[in-house]
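Take a look at the sequence and the fold shown here.

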Amino acid sequence: SINKEDIIKYKLKSFSSVDAYCNAKNCLYIYESLPINDNINSNRFIKINLVFNNINIISSEFRKRLLHSMIFIPECYIFIIGGKKEKAVLLYEIKEQNNKYDKYPYLLPYDLLEPSLIYLNNQYLYAFENSKMFFQILRVDLISISPFENIELRNTKNIPINQKFFGVVRNKNSILFLGGEMMNKKDDEDFIKNCYEFHYDCNKLFFSKREFKSFDFFEKTFILIDDNIYVQLSEKKRMTKYEP
């Protein structure tokens, strides 16, 4: 709930389905998106305090991006990963008066479009992406600041990987894929009715016992709110607009 004066002052627009956001410390961080062929060379990075409902344009000079994802890395970083024709990974340190980003010292080995991101064991950041021909998994060790490692699945010979743009949540020693899109048609006899589950201790992918349901997540990472309890907002498209 933003007053009209702030809307005019900050030239606020409606949130777009190609914008990206993430939650961090009772604040919402928004990274606006622009088409690659747009003449504007930068995007705005915005902070909304969810306790006091005030807004701050951190910068209007962040790199132009489209189809990227964001994740909060406790206690004070936001990583911006992926995007069309974009291999640089940006990180923003949450601190007063900071209006600049830094770059992670290693590039992505390939483009990631709307990657699903999750941070495990206070060390490893995983990125999953399935928008092109092949299912991609990257992992990086943020403790040692390692290059991005391409994870090869060990058991995909008989498993068609067709769940895309999903949310991710930890489930004991695995990562559960929730929502997104399932590419099989429902009238197809081989239609998969279950979500996928990635076991990161052995780099294998399995079908979960959880039945697939279609949810659209702008923020792909589920948020821990209590022991083994996670939450995330899904979006439903009604007519011409998205609603939570």
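This is a predicted model: local features need pLDDT of at least 70, side-chain atom pairs count only at pLDDT 80 or more; totals for chains, interfaces and linings use all residues.

How many bridges join S1 to strand S2? There are 5, and the two strands run antiparallel. S2 covers residues 27-31.

S1 and S2 belong to an open sheet of 4 strands. The order is S1-S2-S3-S4, and the pairing is antiparallel. Strand S1 (20-24) and strand S4 (54-63) are the edges, so each pairs on one side only. On average, neighbouring strands here are turned by 20 degrees against each other, direction ignored.

**A second open sheet**

Another open sheet has 4 strands in the order S9-S10-S11-S12. Its pairing is antiparallel too. The edge strands are S9 (116-120) and S12 (149-150). In S10, Tyr 126 stands opposite Ile 118.

| Strand pair | Bridges | Sense |
|---|---|---|
| S1 and S2 (residues 27-31) | 5 bridges | antiparallel |
| S9 and S10 (residues 124-129) | 5 bridges | antiparallel |

**Ser 69**

Now turn to strand S5 (residues 68-73), where Ser 69 is found. Is Ser 69 buried or exposed? Its relative accessible area is 4%, which is under the 20% cut-off, so Ser 69 is buried. A polar atom of the Ser 69 side chain lies 2.7 Å from the backbone oxygen of Pro 115. Leaving aside neighbours within four places in sequence, Ser 69 has contacts that include Phe 79, Ile 80, Leu 117 and Lys 220.

Technical notes. Residues are numbered from 1 along each chain as its sequence is written. Side-chain values use heavy atoms; hydrogens and water are left out. Axes are lines fitted to C-alpha atoms, for helices over the stretch in contact, and angles run from 0 to 180 degrees between N-to-C directions. Buried means under 20% relative accessible area, exposed over 50%, partly exposed in between (1.4 Å probe, protein chains only). A polar contact is a pair of N or O atoms within 3.5 Å; within protein, one must be able to donate a hydrogen and the other to accept it, and residues adjacent in sequence count only if both atoms are side-chain atoms. Contact means heavy atoms within 4.5 Å.
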